[in-house]
Amino acid sequence: MSAWFSDLTLLGCFLCMILPLASFGLIMIFTRTNHKLSLAISLVASTLPLFIAWSFLYKYWHITEPIIYNYDWIISDFIKIPFGFLLDPTSLLMLTIVATISWLVQIYSIGYMEGDPGFGNYYAFLSLFALSMLGVSISSGLLQLYICWELVGLSSYLLIGFWYEKFSASEAGKKAFVVTRFGDVGFFMGLAFLTIFYGNLEIANINSAAVAQSMPPWLISTAALLIFCGVMGKSAQFPLHVWLPDAMEGPTPVSALLHSATMVAAGVFLIARIYPFFSASPEAMTVALALGTITLIISSTIGMVATDIKQVWAYSTVSQLGFMIMGLAAGSYFAGYFHLTTHAGFKALLFLCSGVFIHHFGTNDFFVMAAQGGRKLVIPMVTITIAALALSGIFPFSGFFSKEAILGALYHHPNKFWLLMGLFGAFLTAYYTFRVIFVMLFPKTTAPEESHGHEKLHEEHHGVPWVMAIPLIILATFTLILGFCQGYLERFLLGHALHHEHNYLLLISAVGCALSGIALAWYDWGSKKAKCVGFISYVPVLENFFIQKWYMDHFWRWFLNTFIYGTFSRLFTYNDRRVVDGGVDTVAFSTIGSGRMLSFFQTALLQLNLLFMIVVVAGVGLYLLIGR
């Protein structure tokens, strides 16, 4: 135990785990009705990991070898499963992202959740979420990571369904929990597969070059594809993407948390975490590339027709996750992980800005926000435009650099079809993003502003409480400067800077796609002569297809009704009633019957009981005698 306190790095890792856990326990057991005390506990438990994460990043910026603290957890002659911490560039960067976004969301939530009767519970659930994601970031073994992974699912269920009295919120929480279980079952089977055939779930060991050489290709491919099922669930890849847009039913800061650096990024992080192992399977890389591309295109088309501002950003998240998977699967670990990093900043910014508008106007419909004067909220309007420029991949915002990196990876892939899909996705992304921005900036209709009373509750600056404005300014700053850190991040993550070929054709194509999307959005929604009708509306069949979300919700409803409820559920119900209950009932009824039958022989008369006993013994004796 003394080693825990003599080694400050080990102590820091331990505190990153134990502080959010302690915060969750203290609030739920003792202080949840005391909102101020609950807030203070949660802020302390999130601020210290923030300092620890940034100090680790500074201290180990030039790290050359991973720092591993492993303790034997499950061990036998063949199986070795550790428990501990792993610090390397991949985990250090994710630890910093998670700690920073979690802290900013907690600060922002002070204003957003003020007056909510579940304020204490909310901060307890945020602490549980932070614990889960910090654990995913620094776990040294895949089984430990899986446990934290499941805690992420539990805490997201609690946060998405936080306003459980609202039917749609409780349904969204259940949907997220159930759909991600499909992927998690595959992930668990992958771990079981590795345990049975390889016997070691230590991440550093799995990533070693010796493993790829010692394991047969079919074993690597099977394990990688099963683990990728977990990625599909958490990172909302086709066809398991349907839960994420519904997750908007939770409080908006929760949406920012889910969509930026935490739950949905966990899947992308998992691939990056075991990238040497995953990339050793060409089959797994191809499947990931195909599913990432499908996810990018499907979600982008749905984002074009959504009118709920949070829904637009939700489908945007799904599309960008597909884009990250494409980058990783195209063979560039850095491109995928770099886009995860920049996306964490500008997507959190988009959601938190939207939260300000929703908080102020009491609606999620950005057409209504625009009509009621949304552009008068200066800080969120400026910062959401900065985030939109980054999301669209416009220079010099961070998204430009990370999108260029992914498109560069796709350019070097032998099959150029994936590059064309990436460029098409960039065009759609710019279009649906600036559809929102132009509607907000240049409303074509006006409506009397409604007073919702929020502005009277806070000290405001242009309609925004400072406690909500400061996180926006910080995130906007990150969005402006992070792209210029590309070279530093390359040296940190890869140990060297990449050689960038100046492919001007690709650069012009990428920027041209983004600008074309913005120009078309301007023509449809921004200009004075704009008809405020999307170009897709001229093809009603296609527009309705997108509005119905490619009928994926219908498919899942049919699938659940037919196979889960109609087949498996009925079989298990039949088994439960006829086999389990029937067996127990048979034993019970047999006991009752035999007891009643024997009760006839219990007359409470000693002489009679002795007579029965003698008769039985005599009968048995005669039987044995005759039998001989």
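The chat below walks through a few helices, strands and residues of a predicted model.

User: Before I start, what should I know about the numbering and the model?
Analyst: Residues are numbered from 1 along each chain as its sequence is written, and side-chain values use heavy atoms, with hydrogens and water left out. This is a predicted model, where local features need pLDDT of at least 70 and side-chain atom pairs count only at pLDDT 80 or more, while totals for chains, interfaces and linings use all residues.

User: OK, where is T90 placed?
Analyst: T90 sits in helix α4, which covers residues 89–112; helices (H or I, at least four residues) and strands (E, at least two) are DSSP runs, numbered from the N terminus.

User: And is T90 buried or exposed?
Analyst: T90 counts as buried because its relative accessibility is 7%, where buried means under 20% relative accessible area, exposed over 50%, and partly exposed in between (1.4 Å probe, protein chains only).

User: What does T90 contact, leaving aside its neighbours in sequence?
Analyst: Leaving aside neighbours within four places in sequence, T90 is in contact (heavy atoms within 4.5 Å) with F269, A272, R273, Y333, Y337 and L493. With Y333 there is a polar contact between the two side chains, at 2.6 Å; that term means a pair of N or O atoms within 3.5 Å, where within protein one must be able to donate a hydrogen and the other to accept it, and residues adjacent in sequence count only if both atoms are side-chain atoms.

User: What about S91, which residues does S91 touch?
Analyst: Not counting residues up to four places away in sequence, S91 touches L86, S137, F269 and R273. S91 is also in helix α4, and at 0% relative accessibility S91 counts as buried. The C-alpha atoms of S91 and S137 are separated by 5.3 Å, although these residues are 46 residues apart along the chain.

User: Switching topic, how are β1 and β2 joined?
Analyst: Strands β1 (residues 67–75) and β2 (residues 80–87) run antiparallel and are joined by eight bridges, where two strands pair if DSSP finds at least two bridges between them. A hairpin of four residues leads from β1 to β2, and I74 has I81 in β2 as its bridge partner.

User: Last one, how many disulfides are there?
Analyst: A search of the whole structure finds zero disulfides, a disulfide being a pair of cysteine sulfur atoms within 2.5 Å. As for cysteines, C353 counts as buried at 0% relative accessibility, whereas C485 counts as partly exposed at 27%.
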